[in-house]
Amino acid sequence: MCDRIRYMNKIIISPSILSADFSNLEKEISAVREAGAEWIHIDVMDGHFVPNITIGVPVVKSLRKTTDLILDTHLMIENPAKYIKPFAESGADILTFHYEACKSSDEVKEVISLIKSFGIKAGISIKPKTEAKEIFEYLPLVDLVLVMTVEPGFGGQEFMHECAMKIPQIKEKATENLIIQVDGGVNNITAKICKSLGATSLVAGSYIYGSKDYKQAIQSLL
Ligand code: DX5
Ligand code: ZN
């Protein structure tokens, strides 16, 4: 599955199902697939790292059976090391954890190698108050960096422009293959800002799923 992840010279749109109709996720996912999406962003929240509770392992496992899209899984959870195995075995293609959820540099490295031990892509994410330089040492170890442009926890929030300035800081230190993903408040206007600063993947929840025409919404982000 992971060798289908292609990112060279291309903007990857990852619609966040947090804003989809949860009573019909299979239909919502095939709708964005038909509209041109190749990834699906799955927001996992534990009610501790963030104040909201959303999706867990059984849902990811069920979604795996219904779609061949890349399952781009964003873990907003405490103690990520404990949950890498079940999420990897549930069929996720990418597991992105939060730097702030780790207590030490050793723990960050342990989570990254654990993810990679399952043969899937590893991502590291930073919240708005975390500076880009705090994760520079991990850039050679990961496949993706997720820059949060809202406080994680909820969809539909406003894009924090100051967070986008971390994109070029990360890009400057990164290898060519690193995917720089932005999540939070992405729409047709903020997408342009992110792309011009060097982002290569955009997560969009309310902008896509809140629109009448998913195809047009996705096209407007490219
Ligand atoms: C927020 C989540 C996002 C969320 C984005 O904590 O990580 O993925 O779905 O939603 P929008 O695109 O509506 O800001
Ligand atoms: Zn997310």
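Asp 183 places a side-chain N or O atom 2.7 Å from an oxygen atom of ligand 1. That is a polar contact, a pair of N or O atoms within 3.5 Å. The protein buries 100% of the 380 Å² that ligand 1 exposes when taken alone; areas follow the Shrake-Rupley method with a 1.4 Å probe. The model is predicted: local features need pLDDT of at least 70, side-chain atom pairs need 80 or more, and totals for chains, interfaces and linings use all residues. Side-chain values use heavy atoms, without hydrogens or water.

**Contacts of ligand 1**
- A side-chain N or O atom of Asp 43 lies 2.8 Å from an oxygen atom of ligand 1.
- Ser 16 has a polar side-chain atom 2.8 Å from an oxygen atom of ligand 1.

**Shell around ligand 1**
- The shell holds 20 residues, and Ser 16, Asp 43, Gly 153, Asp 183 and Ser 206 come nearest; near means a heavy atom within 4 Å.
- Eight shell residues are nonpolar, 10 are polar and two are charged. Gly counts as polar here, while Asp, Glu, Lys and Arg count as charged.
- Strand 2 (39–45), strand 3 (70–76) and strand 8 (201–204) each give at least two shell residues; strands are DSSP runs (E) of at least two residues, numbered from the N terminus.
- Strand 2 supplies the largest share, three residues.

**Ser 201**
- Ser 201 belongs to strand 8.
- Ser 201 counts as buried because its relative accessibility is 0%; buried means under 20% relative accessible area (1.4 Å probe, protein chains only).
- Ser 201 and Val 182 are 19 residues apart in sequence, with their C-alpha atoms 6.4 Å apart in space.

Definitions and conventions: Residues are numbered from 1 along each chain as its sequence is written. Chains are lettered from A and ligands numbered from 1 in the order in which they are written. A polar contact is a pair of N or O atoms within 3.5 Å; within protein, one must be able to donate a hydrogen and the other to accept it, and residues adjacent in sequence count only if both atoms are side-chain atoms. Helices (H or I, at least four residues) and strands (E, at least two) are DSSP runs, numbered from the N terminus. Buried means under 20% relative accessible area, exposed over 50%, partly exposed in between (1.4 Å probe, protein chains only).
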